[in-house]
Amino acid sequence: MERWALFILLACGASHSARSGCENRVCNPRMGNLATGRQMLTDTQCGSTTPEYLCRYDDGSCVVQCEVCHPHAHPPTSMTDSPFTQPPTWWQSAGDAITETLQLDLEMEFYFTHLIVIFHSPRPAAMTVDSSRDFGRTWSTLQFYARNCSWFGLKDGHGCTEKYSSPRPCSRGEVIYRALSPWGILEPYSSEARAQLGITNLRVRLLQPQPCPCQLKESNTSLLSVPYAISDFILKGACLCHGHSDQCAPASGYLATHTRGLHVVHGKCVCRHHTAGDHCERCDRLYNDQPWRPASGLTGEAHQCAKCKCNGHAESCHFDLSVWVRSGQRSGGVCHCLHNTTGQHCQHCQTGFYRHPERLLTAANSCTACLCDRVGTESCNPANGDCMCKPGVATPQCDKCMLGYWGFNEYGCRPCHCAGDCDPYTGDCMTGSDPDHNTTLFRVEELFSALNFQEKCVCKQQSLRNSKIFCIMKYSYALKVRVLAAHDKGSHAEVDVKVLKVLWSSSTLRLIQGTVTLYPESWTTRGCTCPVLYPGEEYLVAGHHDVRKDVTNVNGSDQEVIDTALKMADSLISALTTEVRSGLRRIPCLSASFPRGREEEHSDGGGAYSPFSCSAV
Ligand SMILES: [Ca+2]
C-alpha cells in the first residue's frame with residue numbers, strides 16, 4: 001500500500017483543493033492524461049505511403065479480421081482520443097515494422113504518476129519506457145518489459161518485468177508503468193520526488209513484435225498480421241506547481257490540438273501563495289522577505305511567500321541571504337525603492353530629499369526634494385530639508401557666496417583678499433583696499449586675509465573658568481610653537497610652525513620637535529583665526545590629529561623634520577604669554593605629563609588660562 005502513498009497525497013490534494021482552494025494550505029492542479037491534445041510521434045503508420053492489406057485476430061474466437069489500411073485510417077491521434085469512442089479507434093504501425101518508437105514531447109516539465117498503454121495488437125515481446133527531464137537531450141530507461149528478461153540481459157524484477165509481455169490477450173492487453181517506487185511516504189514536492197516524477201518527454205520503444213497465437217493455428221499463413229497497434233495511451237499526470245497552485249494554463253506559445261472537448265493538462269501554473277514562475281518555483285516580486293519553499297504535501301502547510309516591508313514605496317524586492325542571517329532568519333527582503341526613498345524598507349529619503357513633516361510615511365510624496373543649489377550644497381538635512389552649504393557659501397539654498405567671499409563653484413567660495421567685501425565673481429576688492437600693504441616680510445600668497453586684515457575678525461579674550469574642559473576635549477596634542485608661514489589654500493589654510501615644546505601628545509601621535517603643518521578649523525568656516533597667527537610669534541596651540549594627511553618621514557635619518565598634519569582647535573589657541581604658562585599647571589591632564597622636577601618652569605606666577613574666542617565681522 002505504501003507505494004501509493006504519494007499518489008494518494010497528490011490525488012487527495014487535487015480533490016481537496018477543488019473544495020477549499022489554496023487558501024492557507026497546500027493545493028494541487030487537477031490530474032489528467034498528459035498525452036491528450038499533444039502530438040504523439042511514431043516511426044510509421046500503416047497505409048501512409050500506400051494502402052496495405054493487414055489482418056488481426058480477436059482473441060478467444062481466433063476470428064481473423066482483415067482490412068485495407070488507407071492513409072489516415074489509423075493515425076497516432078487515435079491513441080489519445082476518448083477511450084470510450086465507439087467503434088474503438090487505434091493507431092496501427094506499418095505492416096513491415098520491426099521496431100517502433102512512440103514519443104510524446106511536452107512543452108515544459110510535468111509530474112506524472114503512471115503510464116497505461118492498451119494494445120490493439122498482441123503486446124510486444126520486448127519494449128522499454130524511457131523518459132527525459134531536459135527536453136530530450138538525455139534519456140533514461142524507466143522500465144524494461146520482455147517475455148523473457150534475458151532478451152535485455154536482465155532478470156525479472158530487476159529493472160525488467162515479464163508481467164506485461166505475454167501475446168495474450170491478442171487485443172486489449174495492457175502495459176502499465178508506475179512512477180512510484182515502493183518507498184515509504186515521500187514528500188511530493190521534494191527534489192527527490194521531482195527527480196522521480198518529473199518529465200519533459202516520454203517515449204515507448206517497441207522492440208519485438210509477436211504474433212497472436214491464433215495466427216500460428218491459421219492455415220493461411222500468407223496473411224500479414226499487424227505488428228503493433230495501440231488504442232489508448234494514457235500518461236496520467238499534472239502540471240508541476242510545488243503545491244502552490246490548483247490550476248494551470250497554456251504555456252506561452254503553446255496551443256493544444258484536436259481536443260474535442262477532452263481535458264487538456266496545461267503546463268503553466270496559475271500561482272497562489274504569492275509565488276510566481278511557470279512552476280511557482282519562486283516568490284512573487286514583492287514577496288521575498290523569506291526564502292521560497294515548496295508547500296508540504298505531508299503536513300498541508302502552504303509555506304506562503306512573505307511580503308517585503310517597503311512602506312508602500314516598492315513594487316518589488318529581492319531576498320538577501322546575508323540580511324536574512326543578520327536578522328536572525330526573520331526578514332531578508334531588500335526593497336527596490338521608488339518615490340525617492342532608500343533603505344532596506346524604503347524607510348529613508350534619498351540624498352537630496354527630506355521627509356515632509358505633514359505627509360504620511362507611506363505617502364508617495366513623503367520624500368520631498370530639498371530646495372538646495374546643487375553646486376553650493378554639501379548636503380541636505382534628511383529630517384527637515386535644511387541645506388548645508390559648502391565653505392564660504394550662504395543663503396538658505398546655498399546658491400551664493402557669503403559676504404567677504406567670491407568665486408562660487410563646486411568647491412564653495414574663496415575668502416576675499418580685502419578688508420571688506422569683494423566682487424563675487426572676480427574677487428576684486430569693492431572698498432578699494434590694497435591687499436599688498438604691510439607685506440614686506442612675507443609673500444602675498446603665503447598670507448591669509450585675517451593676518452593682513454585683522455579687522456575681519458574680532459577676537460575676545462576669555463577666561464577659562466574650569467580648566468578641566470581642556471581634558472574633556474581630549475585633544476591629541478598641546479604644543480608650544482613658533483609660526484613660520486601661513487598659506488591660503490582657498491577652501492582651507494595651512495600654517496607651518498616649528499614645535500618648540502611638546503606639552504602634551506597622545507600616544508598615537510608621536511610628535512617631536514620639528515616642523516609641522518597646522519590646519520586652523522576656524523579658517524574653513526570663518527576665514528580667520530583667533531588670535532591672528534603672526535609669523536615669527538610663539539603660541540600655545542591644541543587640537544586633534546588629522547589622519548587625512550599624515551606623512552611621516554620613514555627614512556628616520558632626518559628626525560628633526562616631521563611633516564605631520566594637525567587640525568588646530570581655534571577655541572584653545574592662545575598666544576603664549578606668561579599668564580598662559582602659569583595656567584598650564586592648573587590643567588590636570590596636562591600638568592601630569594610634565595616631567596617631575598621641571599614643573600617650576602611652568603609655575604611662575606598666578607592668573608588664569610586665557611583662550612580666545614573668534615567671530616567674523
Ligand atoms: Ca483510441
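I began with the burial cut-off: a residue is buried if 20 or more other C-beta atoms lie within 10 Å of its own. I kept in mind throughout that this is a predicted model.

**Entry: Y539**

I looked up Y539 with that cut-off in hand. Y539 has 24 C-beta neighbours inside 10 Å, so Y539 counts as buried. I found Y539 in strand 33, which covers residues 538-545.

**Entry: the whole chain**

Next I stepped back to the protein chain. I noted nine helices and 36 strands in its secondary structure. Of the 617 residues, 38% are buried. I also looked at contacts between residues at least 6 apart in sequence, and 62% of these join residues at least 24 apart.

**Entry: the cores**

Which residues have the most contacts inside the largest nonpolar core? I found F110, F112, V117, I230, F233, L235 and C239, in a core of 61 residues. Several elements give two or more residues to this core, including strand 6 (100-119), strand 10 (173-178), helix 2 (191-197) and strand 12 (229-239). Strand 6 provides the largest share of this core, with 10 residues. Apart from this core lies another one, of 20 residues, and C387, C401, F408 and C418 are among them. I jotted down a general reminder here: in soluble globular proteins, nonpolar side chains tend to be buried together.

Leaving aside neighbours within four places in sequence, C239 is in contact with P29, F110, C248, V265, H266, G267 and C269.

**Entry: M40**

Is M40 buried or exposed? I counted 21 other C-beta atoms within 10 Å, so M40 is buried. M40 sits in strand 2, residues 40-41. Not counting residues up to four places away in sequence, M40 touches A35, P76, M79, T80, L102, L104 and F233. F233 is a name I had already written down among the residues with the most contacts inside the largest core.

**Entry: a hairpin**

I turned to strand 3 (residues 52-58) and strand 4 (residues 63-69), which pair in the antiparallel sense over seven bridges. For Y53, the bridge partner in strand 4 is V68. The two strands form a hairpin with four residues between them, and G60 in the turn has a positive phi of about 85 degrees.

I looked at two asparagines with a positive phi. For N24, phi is near 60 degrees, and for N340, phi is near 65 degrees. N24 lies in the loop between helix 1 (5-20) and strand 1 (32-33), while N340 lies in the loop between strand 18 (333-337) and strand 19 (341-342). N24 is exposed because 12 other C-beta atoms lie within 10 Å. N340 has 20 C-beta neighbours inside 10 Å, so N340 counts as buried.

Which peptide bond did I note as cis? I noted the one from R168 to P169, with omega near 0 degrees. P169 is in the loop between strand 9 (160-161) and strand 10.

Definitions and conventions: Residues numbered from 1 in each chain as written. Predicted model: local features only at pLDDT ≥ 70, side-chain atom pairs only at ≥ 80, totals over all residues. Core = buried A, V, L, I, M, F, W, Y, C linked by C-beta atoms within 7 Å. Contact = placed C-beta atoms within 7 Å. Pairing = 2+ DSSP bridges.
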